[in-house]
Amino acid sequence: MQKIDFSDINKTSSKSFHEQRNIIKKVCLGKKVLCPKCQQALKLLPPVKGDNDKKTGVSCVKGCTFIELEFEM
Ligand SMILES: [Zn+2]
């Protein structure tokens, strides 16, 4: 899985940056967003207390779409 650094994306492609922000916003609001590759619904992966290695962000079931997010603990 590719780690996504928002600050980098912002420099290179503001369009995809905004697209990703929109996806995260929709998923956080409970709206259905489909993975462009496998057409599965994207889900929020919240942090698990005591498991700091767990990836957090927005991902589909298969993991072909993964937008890493830092959660405020
Ligand atoms: Zn997928």
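This is a predicted model: local features need pLDDT of at least 70, side-chain atom pairs count only at pLDDT 80 or more; totals for chains, interfaces and linings use all residues.
## The zinc site

Let's begin with the metal. Four cysteines hold the zinc ion through their SG atoms: Cys 35, Cys 38, Cys 60 and Cys 64, at 2.2 to 2.3 Å from the ion. The angles among these four donor atoms run from 106 to 114°, and the site is tetrahedral.

Next, find the strands. There are three of them in an open sheet, ordered S1-S2-S3, with antiparallel pairing. S1 and S3 are at the edges because each has a single partner strand, which leaves one side of each without a neighbour in the sheet. From one strand to the next, the twist averages 20°.

S2 and S3 are joined in the antiparallel sense over three bridges. If you locate Ser 59, you will find that its bridge partner in S3 is Phe 66.

## Two residues in the S1-S2 loop

Thr 56 is found in the loop between S1 and S2. This residue counts as buried because its relative accessibility is 12%, and the cut-off for buried is under 20%. A polar atom of the Thr 56 side chain lies 2.6 Å from the backbone oxygen of Leu 69. Setting aside residues up to four places away in sequence, Thr 56 touches Leu 45, Pro 46, Pro 47, Phe 66, Ile 67, Glu 68, Leu 69 and Phe 71.

Lys 55 also has its place in the loop between S1 and S2. With a relative accessible area of 39%, Lys 55 is partly exposed. Apart from its neighbours within four places in sequence, Lys 55 is in contact with Leu 45, Phe 66 and Glu 68. The C-alpha atoms of Lys 55 and Leu 69 are separated by 8.3 Å, and these residues are 14 apart along the chain.

Note on methods: Residues are numbered from 1 along each chain as its sequence is written. Side-chain values use heavy atoms; hydrogens and water are left out. Donors are N, O and S atoms within 2.8 Å of the metal (3.2 Å for Na, K and Ca); water is not among the atoms, so sites may look incomplete. Four donors count as tetrahedral if all angles lie between 85 and 135 degrees; four count as square planar and six as octahedral if opposite donors are over 155 degrees apart and all others between 65 and 115; anything else is irregular. Helices (H or I, at least four residues) and strands (E, at least two) are DSSP runs, numbered from the N terminus. Buried means under 20% relative accessible area, exposed over 50%, partly exposed in between (1.4 Å probe, protein chains only). A polar contact is a pair of N or O atoms within 3.5 Å; within protein, one must be able to donate a hydrogen and the other to accept it, and residues adjacent in sequence count only if both atoms are side-chain atoms. Contact means heavy atoms within 4.5 Å. Two strands pair if DSSP finds at least two bridges between them. Axes are lines fitted to C-alpha atoms, for helices over the stretch in contact, and angles run from 0 to 180 degrees between N-to-C directions.
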